[in-house]
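User: I would like to go through the labels given to this model and ask what each one rests on. Please set the values against the cut-offs.

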Amino acid sequence: MENKDVLIVRMLGGFSVSWNGKAIVSSSRSDDTQMIRLLQMLIHNKDEGVERSKLLVLLDEDSSADDVNHLLRSVIYNLRKKLRASGLPESTYIEFREGRYYWTDSIPLIEDARQFEVVYMWACDEEEPAKRGELFKRASYLYKGDFLPQQTRLPWVSDEDRRYREMFRECIENAAEALREKKDYCELEQLGLHASKASPFNEWETLTMEALVTLGKFREAQELYEETLQVYQKEMGARPSSSIISRLQDFSNRLEHRTASP
């Protein structure tokens with residue numbers, strides 16, 4: 001079985017934790033909120049750990065407990081109990097060393113956000129242009145949406161979400177440029193579709209439109225142009241920015257010119 005005995009953690013576009021194909025954590029119950037927050041922070045900071053003071057602030061935000069230290073101990077106890085009951089191997093799960101809490105090394109894990117970041121860093125360090133473009137493209141497809149979208153009011157989550165969004169923008173721009181150089185507009189079309197889905201309302205439709213026009217898919221390009229204007233109006237209550245309007249209009253003009261040509 002692929003990734004057997006490895007904790008699979010999704011943090012981009014949503015949150016889930018699974019073990020050998022079985023979901024073991026759900027964030028649907030309100031009484032689990034503090035446990036989920038603590039687990040998310042510990043997993044995402046697996047290597048460097050989390051200072052006790054940061055966990056106290058995280059848990060005390062919505063708590064009326066006078067003794068936040070007792071609250072932390074209680075949440076950790078309940079989280080360990082929940083994880084043990086979920087079917088994970090016996091472990092302490094959460095360890096305390098030199099003033100920091102860590103997710104245990106005895107339960108290996110794969111987190112999608114960290115995977116995305118690792119491939120992004122490989123791309124940044126790669127000097128060979130073709131390999132660099134491929135790595136940026138690979139990283140682009142690893143990004144599936146906002147970082148912990150249900151928790152973005154938490155400062156640490158908001159900061160990470162902003163950082164990952166910027167990485168994604170850089171990945172898409174570099175991957176798109178590499179595809180243009182290769183004249184691989186079929187792949188550029190797919191990249192644009194992925195970018196628009198993973199990061200909506202950030203004007204990535206222009207990539208898809210560019211690819212469609214270049215490939216001669218005039219009807220699809222015209223439909224995308226009209227749909228984009230309607231969606232921005234409906235979902236955001238406003239037209240797209242002047243920059244996307246200008247680019248889309250340019251593609252639309254090219255469409256009209258090509259379809260009018262004998």
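Analyst: Two strands pair if DSSP finds at least two bridges between them. Strands (E, at least two residues) and helices (H or I, at least four) are DSSP runs, numbered from the N terminus. In this predicted model, local features need pLDDT of at least 70 and side-chain atom pairs count only at 80 or more, while totals for chains, interfaces and linings use all residues. Residues are numbered from 1 along each chain as its sequence is written, and side-chain values use heavy atoms, with hydrogens and water left out.

User: What makes β1 and β2 a pair?

Analyst: Four bridges join β1 (residues 7-10) to β2 (residues 16-19), against a requirement of at least two. The two strands run antiparallel. Val9 stands opposite Val17 in β2.

User: Why are β3 and β7 said to stand at the edges?

Analyst: The open sheet has four strands in the order β3-β2-β1-β7, with mixed pairing. β3 (22-25) and β7 (109-111) each have a single partner strand, so one side of each lacks a neighbour in the sheet. Neighbouring strands of this sheet are turned by 30° against each other on average, direction ignored; the axes behind such angles are lines fitted to C-alpha atoms.

User: Why is Leu58 called buried?

Analyst: Buried means under 20% relative accessible area, exposed over 50%, and partly exposed in between (1.4 Å probe, protein chains only). Leu58 has 5%, so the label is buried. Leu58 lies in helix α2 (residues 52-60). Pro155 is 97 residues from Leu58 in sequence, with 9.5 Å between their C-alpha atoms.

User: What makes Glu173 and Arg169 a salt bridge?

Analyst: A salt bridge needs a side-chain nitrogen of Lys or Arg within 4 Å of a carboxyl oxygen of Asp or Glu. The closest N and O atoms of Glu173 and Arg169 are 2.5 Å apart, and the pair therefore meets the criterion. Both residues lie in helix α6 (residues 155-182), four residues apart, about one turn of the helix. Glu173, at 41% relative accessibility, is partly exposed, and so is Arg169, at 29%.

User: How do you know that Arg180 and Glu177 form a salt bridge?

Analyst: Their closest N and O atoms are 3.2 Å apart, which is within the 4 Å limit. Because Arg180 and Glu177 are three residues apart in helix α6, about one helical turn separates them. Arg180 is partly exposed at 22%, and Glu177 is partly exposed at 38%.

User: Which parts of the chain does the pair Lys217 and Glu189 link?

Analyst: Lys217 forms a salt bridge with Glu189, the closest N and O atoms being 3.0 Å apart. This pair links distant parts of the chain: Lys217 is in the loop between α8 (205-214) and α9, and Glu189 is in helix α7 (residues 185-198), 28 residues apart. Lys217 is partly exposed at 30%, whereas Glu189 is buried at 8%.

User: How many salt bridges does the whole structure hold?

Analyst: A search of the whole structure finds 19 salt bridges.

Methods:
Axes fitted to C-alpha atoms, helices over the stretch in contact; angles between N-to-C directions.
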